[in-house]
Amino acid sequence: MSDIQNVKKVAISKIKVSESTLPAWWLVFRRELIDLWIGGKAFNLILIYSILLGGMVYVYSFNTELSLIPPREAVYEMLKNAMAVAMFVGLIIGADSLSGERDRATLESLLLTPANRRQIIVGKFLAAFSIWPAAYVIAIPYLYVLAQGNEVLAPALLWGAITGTVLVLGYTGVGMLVSFWSSSNKVSYFISLGIYALLLVPAELPGKSAGAAGQFLQWINPMAAVNHFLSKHLVNYRSVAEFWTWLTSSVVLAVGSLMVLLIVGSGLRLEAGRGSKLWAKLGRAIGVSVITTLILIASSALPTTAHQLATATEPPLQISIDMEYKTVRAGDSIFFNTSVTNNGIVESVSFIVAMNIINLDAQGEVVDPEDWSPQRTQYVEHLAVGESITFKWRVNAILDGDYMIYMVVLPEPEQQDATSQPIASQGIHLTVTPFTKLNPGGVLPFAIGTPILILIIIYLVIRGRRKQIDAGGS
Amino acid sequence: MPKRKTSLDSNSYPEILVAENLCKSYGPRQALQGLTFSLKAGRVLGFLGPNGAGKTTSIRILTTIMEPEAGHFVIDGIPSEHPEEIRRRIGVLPENLGFPRQMTGIEYLTYYGQLYGRTASQARQNGLKLLEDVGLQQRGRSLIGSYSHGMRQRIGIARALVNDPVVVFLDEPTLGLDPRGQQELLDLIQRIAHERNAGVVLCSHLLSEVEGVCDDVVILNLGRIVARGSVGEVIGRGQQNIILQNTLRVQVPSASVTKARQVLKETPNIMKVTLIGEMEGWLQIELINATNGNAEKDIQMNNKILGALIRAKIPILGFEIEGSRLQDVFLHLTEEVIK
């Protein structure tokens, strides 16, 4: 009988679990939290985050165009951007959590302890997630100042907290999963950033997701879907009941990534193993996908073809406008009326009256009419023979310059494989002279004060840590 | 250092580590081919082999970081099917261990002590004791980021001892240390084995240090054990297997070198005498192979040479037979297998 067979007889009786005062996940979480925050990494990221938010608030307030965005939209935009940055930070910390330890050769000593692998994962995950509550608290003053007393603040804070928590949980989980399977931090970062970019691009370009397929893509993209939900609920006064399904993908991402982490977590190893090669290939595939997506989005923005225009038919509708030119200051508004008349012999098809603004300077800077007017289009069901309809329009002069405003009547094509001929009105020549507001809404103290406050906190933490070390370590 | 109370009856189960037929491969390359050896409490086992011999793979398997494809091992009576329990009984200083730069030495040891189930105060007390044991009591409250390489090796060894392990694995612990640092660490390793009654597995490329510190050695090459036993046994077997007694080395005072060379030229069965260390007075003596590997005749031949020098009143400061050192055996054994 071999030595091994001899000792096996008594082996099992010797196995007993030592009583640990604190669970391993808590010890790992506390240690990681200290490393992350006292070590300075989280504070540095939070500082950059606060500077970014401060910059955004400053731009929203001082930029003559953006400063005219209504509070509801400004709050939504700030919340969206704050969440996007927090998700990015969560993803990056998650992506570093395991592969970074592999690179720094500190994972082995942790794996050599009797601590359960799954508990190590849980501790690290919670520490990585800790960035979100801090990021959210920092965003609150910025949201407050942009709301300017608007009632949107309360729902924005509530839904920002809920959706942000779900999204950051999901993104941190994804980052950790990538890190789990990555043999090096470089691969982990590359894949994580690829995933982030892949989901961010469509989320930031919602206008491109037209049609059922586009809507579906937007719905399954957690970031885009949450943005859509927040936009409808906070900006467009739509109820939660109408749009709650748009939160499905973010909840699925959060729950799914956490479950996968817990399932695979027990197999945490020193080396990512054979899967890492597959993972590296996946990373390259994601990188290629990002580039392809960007090209597709760019190509979808190309103008319609001449062939489509050639098949147009001329409708009997006419449009007139009651203004020829106007000079105003940036920030002022102008009002004018348009009248559409059916001069045909039959009732008109349904049509849209749309406003366009063109910059007349040599650079040909693009103007987004949505920023200039809340009434971009008007829809008309039918117009009887000889009947007229009048619309009143408001335009906010956002940027100084020389512009032409004109209206277009767009008859609805009669069938799917037909088109129609737009009818343009005479233009309004609009001259906008400069005007700059100073420190609107008391934004400056927040924009500058928050990063300075964080710097002071960092200084105090470092000083406290030094004192602690001088006084005896732990 | 506290002496550990062994839970096993030392007569019934004298071996605290038993490995049988461990195998591991990386793709087509066989990293380990049937590794079998054992270690007793209180002894230091030198784990030797050239690069790629399978040392680190063996250590990773025995420390439960990696699973073997075949074979089995038992540590302190716990079979390898219970890795968490084995981890409670071993201490490891891996090669190229990374350290958290923002932690102090005592924080580091307290943290790991807690992970092994100690309360915070117990872990801290134990950590302070370990810092003292490894000679870092003055720097325990400094950030590890400010430690020298030698200090990091010491704190790494202290970390390996936080759970009062039965077996301690040290992978190249003296790598990159100056001679004084090396010696201090080797003394520490001996104290771990003798005062704690722990078994120590020491991986090293420095064969002179292994020879000085280890009780037993295992020499690996290309994933196989090519020699195993006590240091004396391995050297003895090496000498039997290879005829190396054709060359001797004698150290005499530098002032007597010329006279010694003259005496040796007149001594029978000497083919060539070469001065190999002018300052130190080392002479290399190549013999005519007249004994055909007969050990007794070899000894007589050596005595004749020494006798001739003594009769000429030349002081002998040192005497060495080539092949009598572990390094000679190691080079020979590993070279043979590669061929």
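Me: Is A:Arg72 buried or exposed?
Reply: This is a predicted model, in which local features need pLDDT of at least 70, side-chain atom pairs count only at pLDDT 80 or more, and totals for chains, interfaces and linings use all residues. Residues are numbered from 1 along each chain as written, chains are lettered from A and ligands numbered from 1 in the order in which they are written, and side-chain values use heavy atoms, without hydrogens and water. Buried means under 20% relative accessible area, exposed over 50%, and partly exposed in between, with a 1.4 Å probe and protein chains only. Since the relative accessibility of A:Arg72 is 11%, this residue counts as buried.

Me: With which residue does the side chain of A:Arg72 meet in a salt bridge?
Reply: A salt bridge is a side-chain nitrogen of Lys or Arg within 4 Å of a carboxyl oxygen of Asp or Glu. For A:Arg72 the distance from N to O is 3.2 Å. The partner lies 79 residues away, in the loop between helix 8 (131-147) and helix 9 (153-181) of chain A, whereas A:Arg72 is in helix 4 (residues 71-97).

Me: How far apart are the closest N and O atoms of A:Glu101 and A:Lys124?
Reply: A:Glu101, at 8% relative accessibility, counts as buried, and so does A:Lys124, at 2%. These two residues form a salt bridge, and their closest N and O atoms are 2.2 Å apart.

Me: Which two helices hold B:Glu107 and A:Arg465?
Reply: The side chains of B:Glu107 and A:Arg465 meet in a salt bridge of 2.7 Å, N to O, and both residues are buried. Helices (H or I, at least four residues) are DSSP runs numbered from the N terminus, as are strands (E, at least two). The pair joins two chains, because B:Glu107 lies in helix 3 (residues 105-115) of chain B and A:Arg465 in helix 18 (residues 444-471) of chain A.

Me: How many salt bridges does the structure hold over all chains?
Reply: Some salt bridges share partners, and such bridges join B:Asp76, B:Glu85, B:Arg88 and B:Arg89 into one network. Over all chains, the number of salt bridges is 18.

Me: Is A:Tyr459 buried, partly exposed or exposed?
Reply: A:Tyr459 is found in helix 18 of chain A. Its relative accessibility is 49%, so A:Tyr459 counts as partly exposed.
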